[in-house]
Amino acid sequence: MRNYEILYIIDASISDEDKEKVILNVKELVEKAGGKTEEPEKWGVRKYAYPVNYKSEGFYVLMNFEAEDSAIAGITNKLNINKNIVRHMIVAR
């Protein structure tokens, strides 16, 4: 298993309750893929460097985890489907 970190941006216009659901869903997604997660760091609402989907800010979350290399593609595909996640990036640590 390798160490990874994922930084993802949640749409800032959704409610705080929905943001918590998205954070929990991402954590469960990694765990279902066989990974071990750490507690996500909620960076809060920050301004974008440029407009994304006609919006100027998003809610940033950083989470470290361990997973097999083969699980990353599946995690990425599921994150692409989630309409509340604006952008995401998974990087090997």
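Predicted model: local features only at pLDDT ≥ 70, side-chain atom pairs only at ≥ 80, totals over all residues.
Local features need pLDDT of at least 70 and side-chain atom pairs count only at pLDDT 80 or more, while totals for chains, interfaces and linings use all residues. Residues are numbered from 1 along each chain as its sequence is written, and side-chain values use heavy atoms, with hydrogens and water left out.

Let's start with the helices. Helix α1, residues 16-32, packs with helix α2, residues 71-81, at about 155°, and their axes are 10 Å apart. That makes α1 roughly antiparallel to α2 (the word applies to angles over 145 degrees). Helices here are DSSP runs of H or I with at least four residues, and strands are E runs of at least two; axes are lines fitted to C-alpha atoms, for helices over the stretch in contact, with angles from 0 to 180 degrees between N-to-C directions.

Now, which aromatic rings pair up? The rings of Y4 and F65 do, with centres 5.7 Å apart and planes at 25°, so the pair is stacked (centres within 6.5 Å, planes under 30 degrees apart). Y4 belongs to strand β1 and F65 to strand β4, 61 residues apart. Both Y4 and F65 are buried, meaning under 20% relative accessible area with a 1.4 Å probe, protein chains only.

Last stop: D11, also in strand β1. D11 has 12% relative accessibility, so it counts as buried. Leaving aside residues up to four places away in sequence, D11 touches K19, K55, N84 and V86, where contact means heavy atoms within 4.5 Å. D11 and V86 are 75 residues apart in sequence, yet 6.0 Å apart in space, C-alpha to C-alpha. Thanks, everyone!

Key:
Parallel < 35°, antiparallel > 145°, perpendicular 65-115°, else oblique. Phe/Tyr/Trp six-rings, centres within 6.5 Å; stacked < 30°, edge-to-face > 60°. Buried < 20%, exposed > 50% of the residue type's maximum accessible area, 1.4 Å probe, protein only.
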